[in-house]
Amino acid sequence: MKIFPTGSIKKLDAYTIEHEPIASIDLMERAAQALTKEITERWGTETPATFFAGPGNNGGDALAVARMMAEKGYKTEVFLFNIKGKLSPDCQTNKELVEMMEEVDFHEISTQFAPPTLTAEHLVIDGLFGSGLNKPLSGGFAAVVKYINASPATVASIDIPSGLMGEENTFNVKTNIIRADVTFSLQFPKLAFLFPENAEFIGEWEILDIGLSKEGIEEIETDYEILETEDIRYLMKPRNRFAHKGNFGHALLIAGSKGMAGASVLAARACLRSGVGLLTVHAPACNNDILQTAVPEAMVEADGSETCFASPTDTDDYQAVGIGPGLGRSAETEMALLQLLTQCQTPMVLDADALNIIANHRHELTHLPKGCILTPHPKELERLAGKCQDSYERLAKARELAQTADVHIILKGAYSAIITPEGKCYFNPTGNPGMATGGSGDVLTGIVLALTAQGYTAEEACKIGTYIHGLAGNLAQKKKGMTGLIASDIVSNLPKAWQLIGE
């Protein structure tokens, strides 16, 4: 599913109006019908609805919904804010239609506003401002927002909470943004919905199909998409009946240190559960017996050091190398990693302490092998790319890093972002808060390593691996709940996850 910047949404509306063809007011009517259907399915006629409409098309949507709900027997009160005495043409049309209805208690606000009483039984429909907003709310509109937020009423926002901007909110005024309980986004989510700091404003969000042109959606380009199951199924390669283990790659996992054998075990198990033909784990000698016992399907190559990764190994015979889980940051490990990077030509998956070491030697980022994948969480990304004020800036810096270093990045978190060197961003919808537990990232590294070794491109491995990781986490959550979920549960559910996408 594409995510369009707010400017592109206007282009898509115009494309639909021109090519369907359909009048702008009729497209608004269609959107209002979808909104009314969803709202009336959630709240019955016993719920009084108070509408706050702005002077633009978002306000026009709200007026049209108010009219339709009144026709269905809802008690509706409408406040249209027309401070400058100028409404958008479609908002003006819907204003005139509402004014003709005795069932609607209509107020047009041009100067003073006497706020209505809002109780816990009320439903507020927020249609003040849509996704075209490009500066923080102030003055009277900010006061209205604060009044709504202070009320006990349930709030439903049309398209986007008023005051929130569709992409960047770094310099927005948070107190002047509607805090919605639910947001009904028209046709597509907004990029801002995927950033954790905006969750308090958006609440639950749902996408409503308003019939925008499918041809226009395909034709208009965007750098942002949300992955869907069919995208992953399309990328999957079928297994030949006569295939053997040599067809599915030999992966090398460099992981673990004294006291951190668990990270290498989790990554190794995930790699083996993700279809790799052969796996060798390079680990300090102290972890040899643990690995041989916990992961008998893997081969173990003991490092010359008893306690850490200190001896770079030849990577030429492998199809992919994963390095980082539980690695530690000792001086010996740092030297060994930097030496490995200078000689390795095999695609690499870099995670955890490998990234932390590279953060102290940023020049190495431009010398990474072709097809390299970085899997940082937000703090690791900031060590690589610099401090960030919010998720929007973090995403921008990750895109810049991917382009500069010619790498693919999986920026981990809710809606993990897969970022290509070309600046494309694919957001992963699978996963749940129960996966915020130690070892979860090690599992992702193992999955992506296995896919890379099997010959998937870096972009394919990132997309498939991240989606499957989250899907396995969702399966685990259904069995164990969120609080009791651990990383091993994700590994245990990988076989079922692969089955669900049609392996």
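Reply: Here are some backbone details, then a helix pair. Keep in mind that this is a predicted model.

Me: OK, backbone then. Which peptide bond is cis?

Reply: The one from E20 to P21. Its omega is near -20°.

Me: Where is P21?

Reply: P21 sits in the loop between α1 (6–19) and α2 (24–42).

Me: Is D159 buried or exposed?

Reply: Buried, as the relative accessible area of D159 is 9% and buried means under 20%.

Me: And what about A352?

Reply: A352 has a positive phi too, near 50°, and is a residue other than glycine. A352 lies in helix α12, residues 352–359. A352 is buried, with a relative accessible area of 15%.

Me: Let's switch to helices. How do α12 and α13 pack?

Reply: Helix α13 covers residues 378–385. The angle between α12 and α13 is about 25°, and their axes are 8 Å apart. Angles under 35 degrees count as roughly parallel, so α12 and α13 are roughly parallel to each other.

Me: Is the crossing left-handed or right-handed?

Reply: The crossing of α12 and α13 is left-handed.

Me: Which residues make the contact?

Reply: From α12, they are A352, L355, N356, I358 and A359. From α13, they are E380, R383 and L384. That is five nonpolar, one polar and two charged residues.

Me: Which residues of α13 are buried?

Reply: E380, L381, E382 and L384.

Me: What covers them?

Reply: The cover over the buried residues of α13 includes α12, β15 (373–374), α14 (391–405) and β16 (408–411).

Me: What comes just after α13?

Reply: G386, with a positive phi of about 105°.

Me: Last topic. Which residues does the "domain: YjeF N-terminal" annotation cover?

Reply: Residues 9–218, according to an unreviewed UniProt entry.

Me: How much helix and strand is in residues 9–218?

Reply: Over residues 9–218, the chain is 37% helix and 18% strand. The end C-alpha atoms of residues 9–218 are 13 Å apart.

Methods
Residues numbered from 1 in each chain as written. Predicted model: local features only at pLDDT ≥ 70, side-chain atom pairs only at ≥ 80, totals over all residues. Heavy atoms only, no water. Helix = DSSP H or I, 4+ residues; strand = E, 2+ residues; numbered from the N terminus. Buried < 20%, exposed > 50% of the residue type's maximum accessible area, 1.4 Å probe, protein only. Axes fitted to C-alpha atoms, helices over the stretch in contact; angles between N-to-C directions. Parallel < 35°, antiparallel > 145°, perpendicular 65-115°, else oblique. Left-handed = near helix turned anticlockwise from the far one by under 90°. Contact = heavy atoms within 4.5 Å. Nonpolar A, V, L, I, M, F, W, Y, C, P; charged D, E, K, R; others polar. UniProt positions renumbered as here; feature names shortened; annotations may be inferred.
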